[in-house]
Amino acid sequence: MTPEPQTPDPAKRSNPAAKTPKAVKVLVRNLTKSFGSLLVLDNLNFVVYAGELLCLVGPTGCGKTTFLNCLTGFLPLTAGEILVDGQKASFKKGDLGFVFQESSTIPWLTVYDNVAFGLKIKKTPPEVIKERVERILTVVGLNPFKDLYPRELSASLDQRVALAREFATQPNLLLMDEPYGQLDIKLRYYLEDELRRIQEREGTTVAFVTHNIEEAVYLADRILVLTQKPATIKEEVIVTLPRPRRFDDPSFVAIRDQVTAAIQWW
Ligand SMILES: Nc1ncnc2c1ncn2[C@@H]1O[C@H](COP(=O)(O)OP(=O)(O)OP(=O)(O)O)[C@@H](O)[C@H]1O
Ligand SMILES: [Mg+2]
């Protein structure tokens with residue numbers, strides 16, 4: 001017998017995130033970004049709460065990467081402001097981590113040295129670097145590859161190195177731009193769980209961009225659905241399903257369908 005689909009009711013579900021007060025980590029106010037005459041982000045207003053995993057989903061080319069680049073301070077804003085911990089966002093502050101779609105490993109460093117790289121930049125004591133790098137290499141299953149160079153790795157292993165490097169630095173705000181898009185499905189599931197575990201343990205705030213609606217419902221505390229560009233926020237979906245989440249849970253399927261309906265770009 002097929003179980004009856006349930007309407008997800010946030011009030012009726014346990015929400016571990018709701019037990020902690022909702023401090024604001026990132027405040028986005030009237031954010032507008034144009035490239036010349038091309039308006040990409042159109043007066044966005046939202047917050048990212050401290051310790052939450054926020055997923056941003058939206059059609060190709062709507063401005064998701066542009067938003068992350070504004071958040072890091074790499075791109076100047078056309079109007080509005082982005083505050084991180086009450087201050088103007090800047091990549092120079094050093095407690096931001098990024099994982100991009102493209103490979104960002106350093107070709108002339110071994111896997112071990114790639115993972116240690118961010119910690120060395122931060123002038124972390126050598127004994128702490130050793131302990132953290134060894135721990136994270138084990139966690140993400142990279143130990144057997146630690147002496148190899150990126151050119152000797154598959155695309156998915158290479159991406160795992162980039163992830164390990166960010167996890168090792170323990171950023172308090174982690175920006176992820178389709179980080180798992182190139183990975184095989186088993187590794188993607190594994191690293192989605194790993195991201196949650198590390199995020200909960202370290203209290204990291206994560207802004208995670210993805211095209212993959214199932215991935216968003218699996219990972220997110222909250223999902224923001226963006227429109228085609230010029231991007232505005234079409235819908236906010238709070239996901240309070242208990243963890244570990246199951247793809248075949250009728251409530252999971254109902255939320256996935258809700259997000260899909262909000263997007264409707266195919
Ligand atoms: N530096 C730039 N100069 C001019 N136009 C740009 C620049 N960067 C992005 N754009 C344009 O802004 C729009 C949004 O691009 P962006 O890469 O942010 O989209 P996206 O949502 O990340 O897309 P995808 O899902 O394909 O990754 C696109 O039309 C793109 O061509
Ligand atoms: Mg993008």
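What share of the 266 residues of the protein chain counts as buried? In this predicted model, the answer is 36%.

**View 1. The protein chain as a whole.** Let's start with the overall picture: the protein chain holds seven helices and 10 strands. Its C-alpha trace spans about 55 × 50 × 35 Å along the principal axes. A compact globule of 266 residues would have a radius of gyration near 18 Å, so the 19 Å of the protein chain agrees with that. Among contacts with a separation of 6 or more, 71% join residues 24 or more positions apart.

**View 2. The shell around ligand 1.** Here you can pick out the residues that surround ligand 1: Phe35, Leu38, Val40, Gly58, Thr60, Gly61, Cys62, Gly63, Lys64, Thr65, Thr66 and Lys229. By type, the shell divides into four nonpolar, six polar and two charged residues. Strand E2 (38-49) and helix H1 (64-72) each supply at least two of the shell residues, and H1 gives the largest share, three residues.

**View 3. Helix H7 and its buried face.** Helix H7 runs over residues 250-263, and its 14 residues reach 20 Å from first C-alpha to last, close to the 20 Å expected at 1.5 Å a residue. Its buried residues are Ser251, Ile255 and Val259. Seen down the axis of H7, these buried residues fall within an arc of 75°, so they line one face of the helix.

**View 4. What covers H7, and what follows it.** The cover over the buried residues of H7 includes strand E3 (53-57), helix H6 (213-219), strand E9 (222-226) and strand E10 (233-238). After H7 comes Gln264, with a positive phi near 45°.

How values were computed. Residues numbered from 1 in each chain as written. Chains lettered and ligands numbered in written order. Predicted model: local features only at pLDDT ≥ 70, side-chain atom pairs only at ≥ 80, totals over all residues. Near = placed C-beta within 6 Å. Helix = DSSP H or I, 4+ residues; strand = E, 2+ residues; numbered from the N terminus. Nonpolar A, V, L, I, M, F, W, Y, C, P; charged D, E, K, R; others polar. Expected span 1.5 Å × (residues − 1). Buried ≥ 20, exposed ≤ 12 C-beta atoms within 10 Å, placed from the backbone. Arc of directions from axis to C-beta. Contact = placed C-beta atoms within 7 Å. Rg over C-alpha atoms; globule rule 2.2 N^0.38 Å.
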